[in-house]
Amino acid sequence: MLSAIPAGCELYKPGEREVTGVGLIGTGFMGKCHALAWNSVRTVFGDVDKVRLVHLGEANADLAAQRASELGFEKSSGDWRAVVADPEVDIVSLTTPNQFHPEMAIAILEAGKHLWCEKPMAPTLAEAEAMAAAARKSGKVAVLGYNYVQSPAIRHIRQLLDEKIIGDVNHLRVEMDEDFMADPEAPFFWKHEAKSGYGALDDFAVHPLSLISALFGRVGRVMCDMAKPYADRQVAGGGRRAVETYDIASSLIHLENGVPGTLLVNRSAWGRKGRIQVQIFGSKGSIVFDQERFNEIQLYVTSDRPTEQGYRTILAAPVHEPYGKFIPAPGHGLGFNDLKTIECRELLARIAGQPARVIDFNEGLEIERTVHAMAQSFAEQKWVKVR
C-alpha cells in the first residue's frame with residue numbers, strides 16, 4: 001500500500017544537483033504525456049530541481065528529430081540505445097509498447113539511470129520479475145506510470161478510509177471501461193496480438209489494481225473469466241486476422257485484509273471513454289468515484305440525519321492537495337496530464353530520497369502477479385492465490 005503523505009508537498013527538498021538530465025524513449029500518447037510533465041513540473045511545484053530535456057529516441061531518425069523539436073529535447077536518435085548510453089541523461093522515461101519494456105528497462109537500469117516506465121511492466125511474469133530484480137540490483141529509482149493514484153480525489157478517499165468515515169469496509173467494486181475497441185470493423189493492431197499480453201486484463205486491469213493497491217493493499221486470491229466480443233478483425237490489404245487477446249475480463253477478488261470485491265474491465269464498451277468507477281461500501285456509509293468525473297467524490301454517511309441522508313458531491317479544491325498547485329479555486333478541475341505532472345514530482349522526490357507516492361517496481365510486481373493469477377484462474381477455471 002502506498003504510504004500516507006501529509007497534506008501539502010513540503011517533504012520535497014531539492015538535491016545538490018541543480019539539473020536533472022532527461023531522456024525519452026517513445027513518443028506516442030504516453031510519451032507526449034511524459035514530455036508535458038517534464039516541461040511543467042518545476043513551473044507547477046517550484047520546489048524541484050531544474051530538468052533538462054536532453055535526448056529523445058524514436059523508431060527512426062527523422063521521426064525522432066521531429067518529435068524532439070516539438071517536445072523540446074536537445075538531441076534525438078533513431079536508436080533507443082543512444083539515449084541509454086548518453087552520459088548527460090540521468091533518468092529515462094520509457095513509453096514504448098509493452099513488449100519492448102523488459103529489454104529496454106533492464107538496459108536503462110544497468111546503465112545506471114533512474115527509470116520512469118509506463119504500465120504494465122511486461123507481457124510475462126518472468127520478464128516483470130527480471131525487471132524488478134534489475135531495479136533492485138541497480139540501486140536506482142524505478143517507478144511505473146500509474147498516474148491515477150496521484151489524483152487529489154483518490155488521495156482524499158484514502159484519508160476518508162484511514163479516518164474510518166464510512167466505518168469498516170466490507171465490499172469493493174471496481175470497473176474500467178473504454179470503447180476504443182468497441183467497433184467490430186476497426187482494424188487489427190498490435191494490442192490484438194498475444195505477444196502484447198492478455199488484453200484488457202493487463203492493458204486495463206492494472207490501473208484499477210493500482211488504485212486497490214493505493215487504497216487497501218494486496219489482493220489475496222482471485223477467480224477470473226475473460227471473453228472476446230469479436231473473433232477476428234480486418235487487416236490492411238484485405239482479409240481478416242484472428243484476435244489473440246481478450247477485450248473483456250471479470251474477476252472476483254478477495255483482498256489480503258479479508259474484504260471481498262469484484263473487478264470488471266472492458267475495452268469494447270460503447271459509450272465509455274475513460275471510466276474507472278470505484279465503489280467502496282462500509283458499515284457506516286459508502287464512497288463512489290468515477291474517473292470520467294475525477295474531480296468529484298460521492299460520499300454517503302449514516303451519521304447524517306435520516307431526513308437528509310443521501311450521496312453528497314465533494315468537488316476537488318485547493319484543500320485536496322496538490323490541487324492548489326495547479327488551480328487556486330475549487331470546482332475548476334484538473335486533467336489527465338496534470339496527474340502525470342504530479343507523478344513526475346513524486347518521482348523526483350523519490351530520487352531525492354524523500355517520501356513519495358509512487359508505485360515502484362516492487363509494488364508494480366505485486367500488480368503483475370495479480371494479473372497473472374487472474375489469467376491462471378481463467379485457464380484453470382478455479383480460484384487462484386496471488387503468490
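In this predicted model, Glu 118 and Lys 340 meet through their side chains in a salt bridge, at 2.6 Å from N to O. Glu 118 belongs to the loop between strand E5 (114-117) and helix H5 (125-138), while Lys 340 belongs to helix H10, so the pair ties together parts that are 222 residues apart in sequence. Glu 118 counts as buried, with a relative accessibility of 5%, and Lys 340 counts as buried at 0%.

Helix H10 also holds Glu 346, whose partner Arg 155 lies in helix H6; the pair therefore ties together parts that are 191 residues apart in sequence. The side chains of Arg 155 and Glu 346 meet in a salt bridge at 3.5 Å, N to O. Both Arg 155 and Glu 346 are buried.

A further salt bridge joins Asp 203 to Arg 267. Asp 203 is in helix H7 (residues 200-203) and Arg 267 in the loop between strand E12 (260-266) and strand E13 (275-282), so this pair ties together parts that are 64 residues apart in sequence. Asp 203 and Arg 267 are both buried.

The structure holds 37 salt bridges, including the pairs in this table.

| Salt bridge | N to O distance | Separation in sequence |
|---|---|---|
| Glu 118 and Lys 340 | 2.6 Å | 222 residues |
| Arg 155 and Glu 346 | 3.5 Å | 191 residues |
| Asp 203 and Arg 267 | 3.1 Å | 64 residues |

Some salt bridges share partners, and these join Glu 129, Arg 218, Glu 256, Glu 366, Arg 369 and Arg 387 into one network.

The aromatic rings come next. The count of aromatic pairs is eight. One of them is the pair of Tyr 148 and Phe 336, which is edge-to-face, with 5.9 Å between the centres and 70° between the planes. Tyr 148 lies in the loop between strand E6 (142-144) and helix H6 (152-162), and Phe 336 lies in helix H10 (residues 336-351), so the pair ties together parts that are 188 residues apart in sequence. Is Tyr 148 buried or exposed? Tyr 148 counts as buried, at 8% relative accessibility. Phe 336 is partly exposed, its relative accessible area being 22%.

The charged end of Arg 221 sits over the ring of Trp 383, at 4.6 Å from the ring centre. Likewise, Arg 345 has its charged end over the ring of Phe 45, 5.4 Å from the centre.

Notes: Residues are numbered from 1 along each chain as its sequence is written. This is a predicted model: local features need pLDDT of at least 70, side-chain atom pairs count only at pLDDT 80 or more; totals for chains, interfaces and linings use all residues. Side-chain values use heavy atoms; hydrogens and water are left out. Rings of Phe, Tyr and Trp (its six-membered ring) pair if their centres lie within 6.5 Å; planes under 30 degrees apart count as stacked, over 60 as edge-to-face and the rest as tilted. Helices (H or I, at least four residues) and strands (E, at least two) are DSSP runs, numbered from the N terminus. Buried means under 20% relative accessible area, exposed over 50%, partly exposed in between (1.4 Å probe, protein chains only). A charge sits over a ring if NZ of Lys or CZ of Arg is within 6 Å of the ring centre and within 35 degrees of the ring normal. A salt bridge is a side-chain nitrogen of Lys or Arg within 4 Å of a carboxyl oxygen of Asp or Glu.
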